[in-house]
Amino acid sequence: MAISKHKILSQAKDSFSKSDYKNALDKFAAVLQNFPNSKEAYNGVILAEMALSGEGGAEALFDYYEILKEEDKEQADIIMSDILQNMDGSMEKLSEVFAQPIRDRIEFEDGILYKDFKALIDSGESFKETFENIMFSTRVIITQKEDFVDFLDNLIEHGFAEMALTYLENALSVYPSDALLRKLLKKLAKGKKVEN
């Protein structure tokens, strides 16, 4: 069944503007499926994915793209494609720039990076014992979403359900539609039923 490209793109942009990135992504993807050469749908998919993953700047890029399109639509598509293709490299460079201040902060705050903490666990240490030993004296500093999800999963697995719930509630208030966080919340709820 053919879809109305203009209508669906308009709905996708409207959803993005309302911060409903999941719906925007679905709509941009639907257009891209039916019109594989649509640069606007392609750029929309990438911007929606960036926004969904909490990537800073996605909203500003989207607004910039909309302004460019008012002046020259074809040129806007090309400019935005170039920006998005070059983003990966610049995001890595940005994280390198921020890496040193994070290291300095860790030393200042008596913290341990989650990946260093994870290395201890991977070397055969018990998660529960290691976490209990550092819990009151050291902060575990998490800089990646995947690490945060892994940390929560480990908290649930090793009997720190209340602490995991607190972290989850805070995270869900910022990212209410995040699928991984919702999955962890369901896992936590199942554990509660078993205990009660």
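Trainee: What share of the contacts in the chain with a separation of 6 or more comes from residues 24 or more positions apart?

Mentor: This is a predicted model, where local features need pLDDT of at least 70, side-chain atom pairs count only at pLDDT 80 or more, and totals for chains, interfaces and linings use all residues. Side-chain values use heavy atoms, without hydrogens and water, and numbering starts from 1 along each chain as its sequence is written. Contact means heavy atoms within 4.5 Å. For residues 24 or more positions apart, the share is 54%.

Trainee: How many residues does helix H3 have, and what distance separates its end C-alpha atoms?

Mentor: Helices are DSSP runs (H or I, at least four residues), numbered from the N terminus. H3 covers residues 39-52, which is 14 residues.

Trainee: Is H3 roughly parallel or roughly antiparallel to H4?

Mentor: Axes are lines fitted to C-alpha atoms over the stretch in contact, with angles from 0 to 180 degrees between N-to-C directions. The axes of H3 and H4 (residues 58-71) come within 9 Å and cross at roughly 160°. Angles under 35 degrees count as roughly parallel and over 145 as roughly antiparallel, so H3 is roughly antiparallel to H4.

Trainee: Which residues of H4 make the contact with H3?

Mentor: H3 brings Lys 39, Glu 40, Asn 43, Leu 47, Met 50 and Ala 51. From H4 come Ala 58, Leu 61, Phe 62, Tyr 65 and Lys 69.

Trainee: Which residue just after H3 takes a positive phi?

Mentor: Look just past the end of H3. The phi there is about 75°, and the residue is Gly 54.

Methods
Helices (H or I, at least four residues) and strands (E, at least two) are DSSP runs, numbered from the N terminus. The expected span of a helix is 1.5 Å times one less than its number of residues. Angles under 35 degrees count as roughly parallel, over 145 as roughly antiparallel, 65 to 115 as roughly perpendicular and the rest as oblique.
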